[in-house]
Amino acid sequence: MGKDVIIACDFSSAEETFRFLDRFTGRKPFVKIGMELFYSEGPDIVKKIKARGHKIFLDLKLHDIPNTVKKAMHVLSSLDADIVNLHASGTVPMMEAALEGLMREDGTRPLLIAVTQLTSTDQEHLEKDLLIEKPVQEVVMHYAKNARKAGLDGVVCSPLEAAAVHASCGNDFLTVTPGVRFADGDLGDQKRVMTPAAAKEAGSDYIVVGRPITAAEDPVAAYERCVRDFCD
Ligand code: C5P
């Protein structure tokens with residue numbers, strides 16, 4: 001897979017999601033399905049969007065004991081998503097078990113990527129709540145290396161970390177980066193952001209873009225602007 005723009009379809013119903021996707025006549029954008037849509041519509045929503053011809057990043061961020069994650073990944077694998085994810089803080093054995101669970105009988109599997117540290121976790125919470133005293137950047141790089149060691153395909157990270165992740169884990173190790181905003185756009189609740197063009201420069205492989213596309217007056221034009229700035 002090459003560089004691509006993934007639209008975060010943070011809607012709470014299938015109806016709303018399909019109404020949104022119907023605007024893209026002749027285009028089949030890569031779609032991210034998160035917990036909100038998955039929990040409200042159930043696993044079938046993945047198959048339905050896939051049947052419409054979209055690639056899917058299923059963003060459910062699994063984190064449990066290795067055996068449970070392995071079995072859950074086995075179920076998710078049958079939904080035919082292209083990318084699934086988990087929390088790297090679940091440890092290397094959990095990530096290895098997840099990979100085993102994802103493998104289909106025919107030897108294929110979705111790509112598996114790891115969340116390092118959520119961008120909502122800052123240094124203060126790392127130290128006070130989690131008793132992790134290392135700098136957050138160091139923790140992110142350590143978790144990325146663990147994911148690489150476990151055999152995963154990449155990480156979810158900030159575009160600001162993409163270059164460092166590639167430097168320590170290799171250029172073929174995927175960086176999937178949310179926190180993308182147009183220079184003239186609203187930040188919303190995102191703090192550490194980059195434009196699509198800057199994310200391209202930083203070496204992101206995939207940008208995940210939600211509200212700058214879903215809340216735009218013309219979502220198709222906003223998506224095409226992202227593709228032009230990031231992929232071309
Ligand atoms: O609307 P916006 O572009 O901020 O959406 C970004 C998407 O990426 C959301 O679905 C959000 O949950 C997700 N995400 C994020 N930061 C992370 C991991 C996921 O913004 N660290």
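This briefing covers the ligand site and the pockets of the structure. The model is predicted.

**Ligand shell**
- The residues around the ligand are Ala 8, Asp 10, Lys 32, Thr 119, Pro 178, Arg 181, Gln 190, Val 208, Val 209, Gly 210, Arg 211 and Pro 212.
- By class, this shell has five nonpolar, three polar and four charged residues.
- Strand E8 (206-209) and helix H10 (211-214) each contribute at least two residues to the shell.

- Asp 10 places a polar side-chain atom 2.8 Å from an oxygen atom of the ligand.
- Gly 210 has a backbone N or O atom 2.8 Å from a ligand oxygen atom.
- In Arg 211, a side-chain N or O atom is 2.7 Å from an oxygen atom of the ligand.

**Largest pocket**
- The lining consists of 39 residues, and Leu 118, Thr 119, Ser 120, Pro 178 and Gln 190 are those nearest the pocket centre.
- Elements giving two or more residues to this lining include helix H2 (35-41), strand E3 (56-62), helix H7 (136-149) and helix H8 (159-169), along with E8 and H10.
- The lining comprises 14 nonpolar, 13 polar and twelve charged residues.

**Second largest pocket**
- The second largest pocket has a volume of about 190 Å³.
- Its lining is formed by Arg 181, Phe 182, Gly 185, Asp 186, Leu 187, Gly 188, Arg 211, Pro 212, Ala 215 and Ala 216.
- Five of these lining residues are nonpolar, two polar and three charged.
- Arg 181, Arg 211 and Pro 212 line this pocket and also belong to the ligand shell.

Technical notes:
Residues are numbered from 1 along each chain as its sequence is written. This is a predicted model: local features need pLDDT of at least 70, side-chain atom pairs count only at pLDDT 80 or more; totals for chains, interfaces and linings use all residues. Side-chain values use heavy atoms; hydrogens and water are left out. A residue is near a molecule or strand if one of its heavy atoms lies within 4 Å of it. A polar contact is a pair of N or O atoms within 3.5 Å; within protein, one must be able to donate a hydrogen and the other to accept it, and residues adjacent in sequence count only if both atoms are side-chain atoms. Helices (H or I, at least four residues) and strands (E, at least two) are DSSP runs, numbered from the N terminus. Ala, Val, Leu, Ile, Met, Phe, Trp, Tyr, Cys and Pro count as nonpolar, Asp, Glu, Lys and Arg as charged, and the others, Gly among them, as polar. On a 1 Å grid over the protein atoms alone, a cavity is a set of points where a 1.4 Å probe fits but cannot get out, and a pocket is an open set with protein on both sides within 12 Å along at least five of seven lines; lining residues have an atom within 4 Å of a point. Grid points are joined across faces, edges and corners, and a volume is the space filled by probe spheres set on the points.
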